Amino acid sequence: MLVFALYFYSFYFQQWYLIRHEAYKVNLASSLYFAGLLIGNIFFGPLSDRLGRKPVYMSGLFFDVIFGYVTAFAPSYESFAMSRFIVGIMNGGMSLVSFVLTQEYVGKSYWALNKLTFAVGIAIYAFLDYYIREWRSLHL
């Protein structure tokens, strides 16, 4: 995993020349994503209570896909960072809404299954991450 992290960061440095005084932008992109997760978790819950879980989830999924493509084809660092922020908002909100929506559809005896599928999904993504080395392809 350390090898992949070094490859990932070195690719950012090479592509957008994020060296010396601009090296902070590599960590800033990750911080913006996680700030987006926080905002999505805060706002999507009340929004789904007012508008309904399924419409909020489907619209979030739509914008997640759109801005995922924007991230994959970002021509500059600024567009990459902003699209990652928006993807973070959508991912944070959708994860919350999908968790609650799943809990409403199944009984209490299956609640652990939801957590299991989330963990399996992360493991599959890590597996894909290991074999897809080019970050733009991984975003697609």
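This is a predicted model: local features need pLDDT of at least 70, side-chain atom pairs count only at pLDDT 80 or more; totals for chains, interfaces and linings use all residues.

Biologist: At what angle do the axes of α2 and α4 cross?

Modeller: Helix α2 (residues 24-51) and α4 have axes that cross at roughly 35 degrees and come within 6 Å. The axes are lines fitted to C-alpha atoms over the stretch in contact, with angles from 0 to 180 degrees between N-to-C directions. Helices are DSSP runs of H or I with at least four residues, and strands are runs of E with at least two, numbered from the N terminus.

Biologist: And which handedness has the crossing of α3 and α4?

Modeller: The crossing of α3 past α4 is left-handed. Their axes come within 8 Å and cross at roughly 150 degrees. That makes α3 roughly antiparallel to α4, a term for angles over 145 degrees.

Biologist: Which classes of residue make up the contact of α3 with α4?

Modeller: The contact has 14 nonpolar, 6 polar and 4 charged residues. Nonpolar covers Ala, Val, Leu, Ile, Met, Phe, Trp, Tyr, Cys and Pro; charged covers Asp, Glu, Lys and Arg; the others, Gly among them, are polar.

Biologist: Changing topic, how many salt bridges are there?

Modeller: The structure holds 2 salt bridges, each being a side-chain nitrogen of Lys or Arg within 4 Å of a carboxyl oxygen of Asp or Glu. Arg53 pairs with Asp49, with the closest N and O atoms 2.9 Å apart. Arg53 also forms a salt bridge with Glu104, at 2.7 Å between the closest N and O atoms. This second pair links distant parts of the chain, 51 residues apart: Arg53 lies in helix α3 (residues 53-72) and Glu104 in helix α4 (residues 77-105). Through shared partners, Asp49, Arg53 and Glu104 join into one network.

Biologist: Is Asp49 buried or exposed?

Modeller: Asp49 counts as exposed because its relative accessibility is 56%. Glu104, at 47%, counts as partly exposed. Buried means under 20% relative accessible area, exposed over 50%, and partly exposed in between, using a 1.4 Å probe and protein chains only.

Note on methods. Residues are numbered from 1 along each chain as its sequence is written. Side-chain values use heavy atoms; hydrogens and water are left out. Angles under 35 degrees count as roughly parallel, over 145 as roughly antiparallel, 65 to 115 as roughly perpendicular and the rest as oblique. A crossing is left-handed if the near helix is turned anticlockwise from the far one by less than a right angle, and right-handed if clockwise.
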